[in-house]
Amino acid sequence: MPVNEHSATLHAAATGHLPFFISAPGEGDGLFNAMIVFLVVVVFAIGLFYLRLHALPEQMAHGTSKVQMQIVGVLALLALFTHNHIFWIGALLIALVQFPNVSAPLASMAQSLEKLAGGAPPEGYAQVAPDQAEPVKAVPTRKPPPAETERAPAVPERVA
């Protein structure tokens, strides 16, 4: 297509200085391309922040018990897929609270009772080797109460 000499010149109503974002006909638009790249980067950054925020309760619950971590993980996934923020708040609160370990003392009591009963401990319990066990201290026993004949009289006798 031949370029005519009138198309290369500016219109009489146009100013002598055009802003940088106005491109000549047939040239690429640099500002449009920059805004597309910026928009894609911002969308990915917001998505990354959103997913990291949803994973925060799971990261906080990482050092807790397995059951507590699974509950927090399920609540965080429910919050992510349903967009109900109450699930995320619940997951965050459960991750913040340290639940007491109830099973360890109960397992220790069960193992001790098995030892006292003379039976073998159930599978899964660690047994302490005899050379590593602490010596058992003798428990002092109580003396039996004195017999009726040995007791002092309840009322002292008067000497006449």
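Apart from neighbours within four places in sequence, Gln68 is in contact (heavy atoms within 4.5 Å) with Ile94, Ala95, Val97 and Phe99. The structure is a predicted model, in which local features need pLDDT of at least 70 and side-chain atom pairs count only at pLDDT 80 or more, while totals for chains, interfaces and linings use all residues. Residues are numbered from 1 along each chain as its sequence is written, and side-chain values use heavy atoms, with hydrogens and water left out.

**Overall architecture**

- The secondary structure comprises six helices and zero strands; helices (H or I, at least four residues) and strands (E, at least two) are DSSP runs, numbered from the N terminus.
- Read from the N terminus, the order of elements is α-α-α-α-α-α.
- Of the 160 residues in the protein, 10% are buried, where buried means under 20% relative accessible area, exposed means over 50%, and partly exposed lies in between (1.4 Å probe, protein chains only).
- Among contacts with a separation of 6 or more, 38% join residues 24 or more positions apart.
- The protein exposes about 14400 Å², of which carbon and sulfur atoms supply 68%; accessible areas come from the Shrake-Rupley method with a 1.4 Å probe, and for residues only the protein chains shown count as cover.

**Helix H4 and Gln68**

- Helix H4 (residues 66-82) has 17 residues that should span 24 Å at 1.5 Å a residue, and its end C-alpha atoms are 24 Å apart, which agrees; the expected span is 1.5 Å times one less than the number of residues.
- The buried residues of H4 are Gln68, Val72, Gly73, Leu75, Ala76, Ala79 and Leu80.
- They cover an arc of only 165° around the axis, which puts them on the same side of H4; the arc is that of the directions from the helix axis to the C-beta atoms.
- An α-helix has 3.6 residues a turn, so residues three or four places apart point the same way.
- Gln68, which lies in H4, is buried with a relative accessible area of 2%.
- The other side of H4 carries the exposed residues Lys66, Val67 and Phe81.
- H2, H3 and H5 are the helices against which the buried residues of H4 pack.

**Helix H5**

- With 12 residues, H5 reaches 17 Å from its first C-alpha to its last, close to the 16 Å expected at 1.5 Å a residue.
- Trp88, Ala91, Leu92 and Ala95 are the buried residues of H5.
- These four cover an arc of only 100° around the axis, which puts them on the same side of H5.
- Exposed residues Ile86 and Leu93 sit on the face of H5 turned away from its buried side.
- The cover over the buried residues of H5 includes H2, H3 and H4.

**Nonpolar surface patch**

- Phe49, Leu53, Leu56, Met60, Ile86, Ile89, Leu93, Leu96, Val97 and Phe99 make a nonpolar surface patch of about 930 Å².
- Patches are made of residues with over 30% relative accessible area and no salt bridge, like charges being joined within 9 Å and nonpolar side chains (Val, Leu, Ile, Met, Phe, Trp, Tyr) within 5 Å; a salt bridge is a side-chain nitrogen of Lys or Arg within 4 Å of a carboxyl oxygen of Asp or Glu.
- Helices H2 (30-54), H3 (56-60) and H5 (85-96) each supply at least two residues of the patch, and the largest share, four residues, comes from H5.
- Phe99, in the loop between H5 and helix H6 (103-117), is partly exposed, with a relative accessible area of 42%.

- H6 has 15 residues and extends 21 Å from its first C-alpha to its last, close to the 21 Å expected at 1.5 Å a residue.
- His83 is placed in the loop between H4 and H5, and its phi is near 60°, a positive value in a residue other than glycine.
- Most residues other than glycine have a negative phi.
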